Amino acid sequence: MNAWELNLSEINQEAAAFKEQLRKRSGANLAECCQCGKCTAACPFAPYMDVMPRQIVRYVQLAQLEAALTAKTPWICASCYTCSCRCPQEINLPALMECLRQEATRQGKIAVKEVDLFARTFMKTVRAFGRSHEMLMMGLFNIRSLHFFQDLRYAPTLYLKGKIHLLPQRIKDRATLRRLIEQSTSQVKKGGEKA
Ligand code: SF4
Ligand code: SF4
């Protein structure tokens, strides 16, 4: 077989295995996608994506896993659910994007490192205080991303309007929250499935 020829039986087996894995983990039945494109038309972040949401589904349907896992799109997706509200097949695209982010992280293929850094910095403050502390989070993020002065000009206005606070607010039972986060993190690392 030439390098450019596709072995459809192999692709179908691989696609079936991956779709089954995604179905269990995300609840998204990608076989029902009819490629209508409504998800892409509705997505407010599509202009910033390198691959459109409809195409991500297509990649997975065709077992083009490398293309799906290395795309920036899952990292740009804001999990706003606009796509799945418009989808005639009620496909849970945000859950699919989340699974692709998790898998890409496991395989060391994070396409937009700043998004991953932002999420990890956010979780750091949540672990510490039980809720996010925007001022600390943005400070940490700017330092870790080496964008020291990014968005700094907004801080005085946000502070005066009471949107950000100098001191963090803490919840009472932080230990339980940390335990829940650890459980969830270790399940994701193991490639946990939804019931
Ligand atoms: S809206 Fe739904 S059915 Fe249409 S392309 Fe997107 S995921 Fe597929
Ligand atoms: S959930 Fe993600 S893919 Fe769907 S509309 Fe929102 S940003 Fe776009």
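Mentor: Ala, Val, Leu, Ile, Met, Phe, Trp, Tyr, Cys and Pro count as nonpolar, Asp, Glu, Lys and Arg as charged, and the others, Gly among them, as polar. This is a predicted model, where local features need pLDDT of at least 70, side-chain atom pairs count only at pLDDT 80 or more, and totals for chains, interfaces and linings use all residues. Residues are numbered from 1 along each chain as its sequence is written, while chains are lettered from A and ligands numbered from 1 in the order in which they are written.

Trainee: OK, how does the shell around ligand 2 divide by those classes?

Mentor: Twelve of its residues are nonpolar, two are polar and none is charged. A residue gets in if its C-beta atom, placed from the backbone, lies within 6 Å of the molecule. That gives 14 residues around ligand 2, with C43, C77, C80, T82 and C83 closest.

Trainee: Which helix gives the most to that shell?

Mentor: α7, with three residues. Both α6 (82–86) and α7 (93–106) supply at least two; helices are DSSP runs of H or I, at least four residues, numbered from the N terminus.

Trainee: And what about ligand 1?

Mentor: Its shell has nine nonpolar, three polar and two charged residues. Of the 14, C33, C36, K38, C39 and C87 come nearest.

Trainee: What makes α8 oblique to α9?

Mentor: Helix α8 (residues 113–129) and helix α9 (residues 134–145) pack at about 140 degrees, axes 9 Å apart. Under 35 degrees is roughly parallel, over 145 roughly antiparallel, 65 to 115 roughly perpendicular, and the rest oblique, so α8 is oblique to α9.

Trainee: How do you know that the span of α8 agrees with its 17 residues?

Mentor: The expected span is 1.5 Å times one less than the number of residues. For α8 that should be 24 Å, and the end C-alpha atoms are 25 Å apart, so it agrees. Just after α8, G130 takes a positive phi of about 90 degrees.

Terms used:
Axes fitted to C-alpha atoms, helices over the stretch in contact; angles between N-to-C directions.
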